[in-house]
Amino acid sequence: MSSETTPMRTQGAAADAKMKQLDKKFRVTGISTGLISGLTYGIYTTLVMIAGYYEPLAGAVGLLAAPFVTSGLNDLLAGIWLTIYNAKCGRLSEMGRSLKTFPGKMILLGALFGGPIANGAYLIGLALAGAYAIPISATCALFGALFSWIFLKQKPTKRVVAGMVLCVIGAIVINFVKPEGAENFTLGIICALVAAICWGLEGMISSYGGALLDTDVAVNIRELFSGIVDLFVIVPVIGAIPLLTGTIGAGIPLLWLAVAGLSAAVSFLCWYKSNATVGCAIGMSLNVTYAFWGVLFCVLFLGQELTATIVAGSVIIVCGAVLVTMNPLDLFKKGE
């Protein structure tokens, strides 16, 4: 009896050890990809701002033309990068099949909010308020939790409410002192807030579709659809086709947008990978670190003035976003 039990215990211990090792590997992968998603989105933010310094984008007339041309080209190029990636992995046929399903249509609806509307508003915010718009957009975690409460009946805990209050305080701190020479600063902050609201909606809507589809395919569909709507619907409506053709013909800004698109594609892939391995809450918390990276890169490479209010507000908003999406102590707990 005992001779039979000993090998079983040994096998059980070995299985437990392998399971713990696998959990640790998944956790390391999830945390590292989540951090990379935040870093690469901060890089994307900086690159699209650099592209905007070149003609014809720099001299574009009107508030909407340059942001939507930039957003459309960036998302379409990101979609092309992802299509190449999925083609290499043999997943192209999945895209057509996914679009015929209800989850696929939910991804399109989420992409409409998060792509043309949110990304366009975000780029307008960057153009008017500079790096100050970045941490404001990171309040998307707050709105994601709020919409889940309203529409999905997911009542927030005291921790989530505390995180929401911190996000609001951070936004107030950032707006407390207006930078010199920024005439449309408040409008830029409002646009960044619109982006945060729409990204919160996208997160709620696409969570259903993303849970039932291959995440790489879902992100690919999202980026392509966003770029197509921007370039073939919004850009003609606002009369920005000459700016679009001029930007493509100029070469240099298009090159910057191609690199920005690659960075955005990597960011979304890593974010979804992080969500799949350590959960959406921790993945989102790691992703919103783009607010820190975006501000840092703008200070280092674009000459953005570093003020006490933007530093304090950024830190408060990132902390609030983390509290909204997760208990920070969970980062130090071992996976079950």
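Reader: A polar contact is a pair of N or O atoms within 3.5 Å; within protein, one must be able to donate a hydrogen and the other to accept it, and residues adjacent in sequence count only if both atoms are side-chain atoms. Which backbone oxygen does the side chain of Thr139 reach?

Author: That of Ile136, at 2.6 Å. Please note that this is a predicted model, in which local features need pLDDT of at least 70 and side-chain atom pairs count only at pLDDT 80 or more, while totals for chains, interfaces and linings use all residues. Residues are numbered from 1 along each chain as its sequence is written, and side-chain values use heavy atoms, without hydrogens and water.

Reader: Is Thr139 buried or exposed?

Author: Its relative accessibility is 4%, so Thr139 counts as buried (under 20% relative accessible area; exposed is over 50%, partly exposed in between, with a 1.4 Å probe on protein chains only).

Reader: Where does Thr139 lie, and what is it in contact with?

Author: Thr139 sits in the loop that links helix H5 (133-137) to helix H6 (140-151). Apart from neighbours within four places in sequence, Thr139 is in contact (heavy atoms within 4.5 Å) with Cys167, Leu193, Ala196 and Ile317.

Reader: Turning to H4, how many of its residues are buried?

Author: Of the 28 residues of H4, 20 are buried, so this helix (a DSSP run of H or I, at least four residues) is largely enclosed by the rest of the structure.

Reader: What is found at the start of H4, and what comes just after it?

Author: At the start of H4, a side-chain oxygen of Thr101 comes to within 3.2 Å of the backbone nitrogen of Gly104. Just after H4, Gly130 adopts a positive phi of about 65°.

Reader: How many aromatic pairs are there?

Author: The count is 12 aromatic pairs, taking rings of Phe, Tyr and Trp (its six-membered ring) with centres within 6.5 Å; planes under 30 degrees apart are stacked, over 60 edge-to-face, the rest tilted. In one of these, the ring centres of Tyr41 and Tyr44 are 4.8 Å apart and the planes meet at 45°, so the pair is tilted.

Reader: Where are Tyr41 and Tyr44, and are they buried or exposed?

Author: Tyr41 and Tyr44 are three residues apart in helix H1 (residues 2-51), about one helical turn, and both are buried. Phe292 and Trp293 also form an aromatic pair, edge-to-face, with 5.1 Å between centres and 70° between planes. Phe292 is partly exposed at 46% relative accessibility, and Trp293 is partly exposed at 27%.

Reader: Which residues form one aromatic cluster?

Author: The cluster consists of Tyr41, Tyr44, Tyr122, Trp199, Phe268, Trp271 and Tyr290.

Conventions:
Helix = DSSP H or I, 4+ residues; strand = E, 2+ residues; numbered from the N terminus.
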